[in-house]
Amino acid sequence: MIRLFDTHHIRQTYELDGMWNFKMNGFDKAYQLPVPGCWEQHPDFLSHRGKGIYTRTVYINKSGNIRLEFKGVSHTADVYFDGEKIAHHYNAFTPFSAVVKNVKSGEHEVRVEVDNTFGEHSALHIPNDYYTYGGITRPVALEYLSDVYIERIRFTPNLSNNKWSAKTEIIMKNISAFAKTVIVKTILAGTEAEHEIEIPASTETPVTFEGDFDDIKSWSVGEPNLYELTAMLSVDGEVIDDLIERVGFRVVEARGAEIYLNGKPVFMKGFNRHEDYAVDGCAIGLQHMVLDMDLMQDANANAVRTCHYPNDERFLDLCDERGIMVWEENHARGLILKDMQNPNFERQCEDCIREMIENHYNHPAIVIWGILNECAAETEEGRRMYKKQYEQIKSMDESRPTTSATCRHFTDICLDLPDVVSFNMYSGWYKDCPIDKRNDEQIDWIKKSGGDNKPIIVSELGAAAIYGYRDRSRCKWSEERQADIIRDNLEVYMNDDRIMGVFIWQFADCRVTEEGEWFTTRARCHNNKGVVDEYRRPKIAYDTVKELFKIYGN
């Protein structure tokens with residue numbers, strides 16, 4: 001399943017999920033592995049880092065243009081069609097596609113060479129506090145395309161004097177050698193509009209629709225109202241292509257020291273969530289996404305942070321449907337300046353941000369864009385990179401605030417750059433100190449260092465516990481101590497009117513890499529700070545969060 005709703009009624013699309021042939025470099029045996037899936041699911045590759053080749057045959061039932069769309073390959077992919085290379089892509093967490101023109105009907109081979117190794121070629125996927133899996137980890141689809149087709153849609157709502165308007169941009173592509181004249185039609189909330197436009201040969205061309213909308217039900221946490229936005233292309237009276245997006249009418253602002261949703265202040269109470277599920281790795285199936293959503297909402301959360309990378313779009317669809325606010329961020333976590341000086345770092349970050357925003361722009365649930373979690377914000381060179389990434393986001397989307405979670409306490413020189421200041425603090429776990437005193441010191445420093453009159457979010461708080469380890473002394477690593485620390489932190493932060501949100505680190509335990517240093521402080525080679533374990537079995541802390549999220553916040 002690519003999305004949780006039909007994105008086309010006209011364009012023919014076929015999912016390529018299923019069993020693919022697989023060969024791992026250095027292994028003589030031939031395998032069949034599921035797509036989507038992680039190769040760590042197979043007994044021969046439980047912790048294998050390397051390069052593997054996926055192949056399968058596809059049948060093209062009519063000659064013409066096709067597009068192969070990959071929602072995620074971890075972490076580097078080279079795609080071949082009948083032996084000819086058609087795509088190269090880096091980053092497990094953003095989608096990519098490749099168009100092949102004038103394909104003849106019949107059988108053809110798709111080959112995907114996948115690499116999850118570490119090295120200079122990979123600036124973002126490094127040994128880290130979460131695991132870099134290998135494989136085609138998200139869905140794959142094959143589409144039949146006309147010479148002119150709709151590439152994407154950008155929907156931007158606006159609320160003024162309690163009346164809704166919106167700007168809809170349709171980006172079209174002409175892959176033929178000739179200019180094409182088309183009729184572009186949109187349908188949204190009972191309103192239809194159309195334009196005639198000529199698209200030059202071999203170009204990408206936008207067309208913009210703007211208008212007012214009456215009797216609109218807004219998207220909010222309590223009432224996540226959604227509308228289908230349909231765009232269609234016609235040539236000589238025949239509809240040749242379409243694209244359907246699901247949108248919501250909502251506006252989000254960082255205004256003064258508060259965050260506003262549809263003109264009303266909102267307090268974000270949520271979880272940091274990794275895409276990692278026990279034996280499934282990062283290739284989480286829909287049923288497990290739904291389980292995560294059910295558990296988070298049962299715990300009275302209204303927000304989730306997609307740490308530390310763009311999420312599977314099906315999970316974002318669930319957030320749209322359930323009214324869960326999303327902080328989505330690009331892929332870079334815990335990098336020191338040396339890491340950020342990797343010659344590939346800035347380009348790979350730029351690509352990740354562009355693909356994240358282009359593909360996820362229309363999700364009403366996404367209310368904040370984040371970057372560079374716990375990176376070298378205390379350095380001048382780091383500041384240049386933070387500034388560059390914030391500017392890239394604003395050039396693509398001015399409708400959402402920006403933020404970055406810092407742990408460079410009292411040394412961060414970038415707090416003036418984002419719209420929202422966010423900090424990670426583990427009082428009671430890494431540092432035994434009075435939580436209220438530490439919080440006052442932190443906020444005082446933020447206000448003096450560029451963050452004055454900005455919303456403040458506690459982006460990470462928590463403690464670790466091994467599921468099932470109970471101890472009446474409430475020692476560290478026991479479920480009791482984890483629950484105590486989380487309770488003590490939440491009671492401070494959620495009673496402080498200077499703070500506009502809290503995110504528990506983390507929702508579920510996740511696997512970490514054995515390479516590097518992380519495993520030395522992570523029992524079981526897992527980050528054990530989840531309020532549920534990797535099988536989603538709740539710890540005592542789950543009920544603690546559920547209780548306090550119900551009492552405090554809106």
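The following dialogue covers helix packing, sheets, an aromatic pair and some backbone details in a predicted model.

Student: What kind of model is this, and how are residues numbered?

Tutor: The model is predicted, so local features need pLDDT of at least 70 and side-chain atom pairs count only at pLDDT 80 or more, while totals for chains, interfaces and linings use all residues. Residues are numbered from 1 along each chain as its sequence is written, and side-chain values use heavy atoms, with hydrogens and water left out.

Student: Why are α7 and α8 called roughly parallel?

Tutor: Helix α7 covers residues 479-493 and helix α8 residues 540-551; helices are DSSP runs of H or I with at least four residues, strands are runs of E with at least two, and both are numbered from the N terminus. The two axes come within 8 Å and cross at roughly 20°. Axes are lines fitted to C-alpha atoms, for helices over the stretch in contact, and angles run from 0 to 180 degrees between N-to-C directions. Angles under 35 degrees count as roughly parallel, over 145 as roughly antiparallel, 65 to 115 as roughly perpendicular and the rest as oblique. Therefore α7 and α8 are roughly parallel to each other.

Student: Which residues of α7 and α8 meet?

Tutor: Contact means heavy atoms within 4.5 Å. On the α7 side, the residues that meet α8 are E479, E480, Q482, A483, I486, R487, L490 and E491. On the α8 side they are I540, A541, T544, V545, E547, L548 and F549. By class, this contact has 8 nonpolar, 2 polar and 5 charged residues. Ala, Val, Leu, Ile, Met, Phe, Trp, Tyr, Cys and Pro count as nonpolar, Asp, Glu, Lys and Arg as charged, and the others, Gly among them, as polar.

Student: What makes α6 oblique to α7?

Tutor: Helix α6 (residues 435-451) packs on α7 at an angle of about 45°, with the axes 10 Å apart. That angle makes α6 oblique to α7. In α6, I435, D436 and N439 meet D488, N489, V492 and Y493 of α7. The residues of this contact divide into 3 nonpolar, 2 polar and 2 charged.

Student: What makes α1 oblique to α2, and what is the handedness of the crossing?

Tutor: The axes of α1 (residues 286-298) and α2 come within 10 Å and cross at roughly 40°. This makes α1 oblique to α2. The crossing of α1 past α2 is right-handed; a crossing is left-handed if the near helix is turned anticlockwise from the far one by less than a right angle, and right-handed if clockwise. Among the α1 residues in this contact are L286, M289 and V290, and among those of α2 are R314, F315 and L318. By class, the contact of α1 with α2 has 8 nonpolar, 1 polar and 3 charged residues.

Student: What makes β16 and β19 edge strands?

Tutor: They belong to an open sheet of 4 strands with the order β16-β15-β18-β19 and antiparallel pairing. Strands β16 (191-199) and β19 (238-247) each pair on one side only. The twist averages 20° from one strand to the next.

Student: How do you know that β15 and β18 pair?

Tutor: Two strands pair if DSSP finds at least two bridges between them. Strand β15 (residues 180-188) is joined to strand β18 (residues 227-235) by 6 bridges, and the two run antiparallel. V184 stands opposite L233 in β18.

Student: Which strands form the open sheet of 3 strands?

Tutor: The order is β13-β14-β17, with antiparallel pairing. Its edge strands are β13 (148-160) and β17 (203-213). 12 bridges join β13 to β14 (residues 163-174), and the bridge partner of I150 in β14 is M172.

Student: Why is the pair of Y14 and Y144 called edge-to-face?

Tutor: Rings of Phe, Tyr and Trp (its six-membered ring) pair if their centres lie within 6.5 Å; planes under 30 degrees apart count as stacked, over 60 as edge-to-face and the rest as tilted. The rings of Y14 and Y144 lie 5.9 Å centre to centre with 85° between the planes, so the pair is edge-to-face. Y14 lies in strand β1 and Y144 in strand β12, so the pair ties together parts that are 130 residues apart in sequence.

Student: Where is there a cis peptide bond, and which residue has a positive phi although it is not a glycine?

Tutor: Most residues other than glycine have a negative phi, and most peptide bonds are trans. A cis peptide bond joins V35 and P36, with omega about 0°. F410 has a positive phi of about 70°, and its place is in the loop between β27 (402-406) and β28 (420-424).
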